[in-house]
Amino acid sequence: MPSKKALVRRPSPRLAEGLVTHIEREKVDADLAGEQWEAYVEALREHGWETIEVDPADDCPDSVFVEDTVVMYKNVALIARSGAESRREETAGVEEAVARLGCSVNWIWEPGTLDGGDVLKVDDTIYVGRGGRTNAAGVQQLRAAFEPLGARVVAVPVSRVLHLKSAVTALPDGTVVGHIPKVDRPALFPRFLSVPEESGAHVVLLGGDKLLMAASAPKTADLLADLGFEPVVVDISEFEKLEGCVTCLSVRMRDLYA
C-alpha cells in the first residue's frame, strides 16, 4: 500500500524576512500565517495524511517551505543544497526526520545546488528545473541518485518563476498543469493543461480525485471541478507573499517501504 506521510514545519518567527526574488516584497502577517499553516496541516490530516512535524528552525526565515530541503523517490531521501546560501541550515532537522523514518539518505554535494521545489515527479519521470536555485551539477547528482532506481530524469529550464513547481504541477492522471506566462517550455510535457491563474498551477494530490489548492485560484478550481476533480481549498495568502504555494509547505512521502 502507498504510504501517506507528510513532513511539515512550523513557520519561523522571522518568516517576514523570507527571500523574495520574482515579486515585490509585501508585509507578512505572522499571526495570520500561523493560522493558515495550522489549517493547511489540518487539511492534510482530514484527507488521511499522517503529518510529521520537523523540528523548528526558528533562525531560518524560509524554513516553513520544507519541500525545498529534500527530494523523495521511493525510500531514498536526497538532501538538497539550496542555491540560496542562507537556506542551507534548514536541512539538518529534515535529515534527522527522514532518517527516523528509515529512509536511505543521500546528499547533494558542492558544487551542486538543488531546491526540492524544482523537482516534479510524474510516475517514474522526474522533471527537474534548471534555474536560479538549481544548477547543472545539482541536476547531474539527482540523476545519479535516482536513475539507478528506475527514474527517468528530464531537465527543464526555469527562468520566469522561483522554482519549477512555481510554474507547473501534475494532476492524478499525469497531466501537467501550468499558467502559460510562467512556463518556459510547455512542449516538454507530453500532456499539458493551461490554467487561468498562476496559483492554479499548484496542486497537491491528496488521494483519489482530491486536489489541495490555494484559495487565490477560484477560476482554476472551477475548471478542474468541471473536469471531474475535487478541489480542497486553503488560504495561504501570507505564504504567497513569499513566493510560497501549497506544494512547498509539506513533503509528501507516498512510497515508503512498509
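Is proline 218 buried, partly exposed or exposed? Proline 218 is partly exposed, because its relative accessible area is 45%, a value between the 20% and 50% cut-offs. Keep in mind as you look around that this is a predicted model.

**Proline 218 and its helix**

- You can find proline 218 in helix H5, which covers residues 218-226.
- Helix H5 lies across strands S13 and S14.
- The direction of helix H5 makes an angle of about 170° with S13.

**The sheet with S12, S13 and S14**

- Three strands make up this open sheet, and their order is S12-S13-S14.
- The pairing in the sheet is mixed.
- At the edges are strand S12 (204-207) and strand S14 (230-234), each of which pairs on one side only.
- On average, neighbouring strands of this sheet are turned by 35° against each other, with direction ignored.
- Strand S13, made of residues 210-214, pairs with S14 in the parallel sense, and five bridges link the two.
- To see one of these pairings for yourself, find leucine 212 and look across to its bridge partner in S14, valine 232.

**The largest pocket**

- How is empty space found in a structure? Rolling a probe the size of a water molecule over the atoms shows where such space is left.
- The largest pocket has a volume of about 800 Å³.
- Its lining is made of 36 residues, and those nearest the centre are Lys121, Val122, Leu205, Arg254 and Asp255.
- Several strands contribute at least two residues each to the lining of the largest pocket: strand S3 (70-73), strand S6 (119-122), strand S9 (168-170), S12 and strand S15 (251-253).
- Sorted by type, the lining of the largest pocket has 18 nonpolar, seven polar and eleven charged residues.

**The second largest pocket**

- The second largest pocket has a volume of about 280 Å³.
- This pocket is lined by 16 residues, with Ile23, Glu198, His202, Glu240 and Glu243 lying nearest its centre.
- The lining of the second largest pocket divides into four nonpolar, five polar and seven charged residues.

**Backbone details to look for**

- Glutamate 243, one of the residues nearest the centre of the second largest pocket, has a positive phi of about 65° although it is not a glycine.
- Glutamate 243 sits in the loop between helix H6 (237-240) and S15.
- Glutamate 243 counts as buried because its relative accessible area is 13%, and the cut-off for buried is under 20%.
- Lysine 74 is another residue other than glycine with a positive phi, here near 55°.
- Lysine 74 belongs to the loop between S3 and strand S4 (76-79).
- With a relative accessible area of 33%, lysine 74 is partly exposed.
- Where is there a cis peptide bond? One joins glutamate 110 and proline 111, with omega at about 10°.
- Proline 111 is in the loop between strand S5 (104-107) and S6.

Terms used:
Residues numbered from 1 in each chain as written. Predicted model: local features only at pLDDT ≥ 70, side-chain atom pairs only at ≥ 80, totals over all residues. Heavy atoms only, no water. Pairing = 2+ DSSP bridges. Helix = DSSP H or I, 4+ residues; strand = E, 2+ residues; numbered from the N terminus. Axes fitted to C-alpha atoms, helices over the stretch in contact; angles between N-to-C directions. Contact = heavy atoms within 4.5 Å. 1 Å grid on protein atoms, 1.4 Å probe; cavity = no way out; pocket = protein on both sides within 12 Å on 5 of 7 lines; lining within 4 Å. Points joined across faces, edges and corners; volume = space filled by probe spheres on them. Nonpolar A, V, L, I, M, F, W, Y, C, P; charged D, E, K, R; others polar. Buried < 20%, exposed > 50% of the residue type's maximum accessible area, 1.4 Å probe, protein only.
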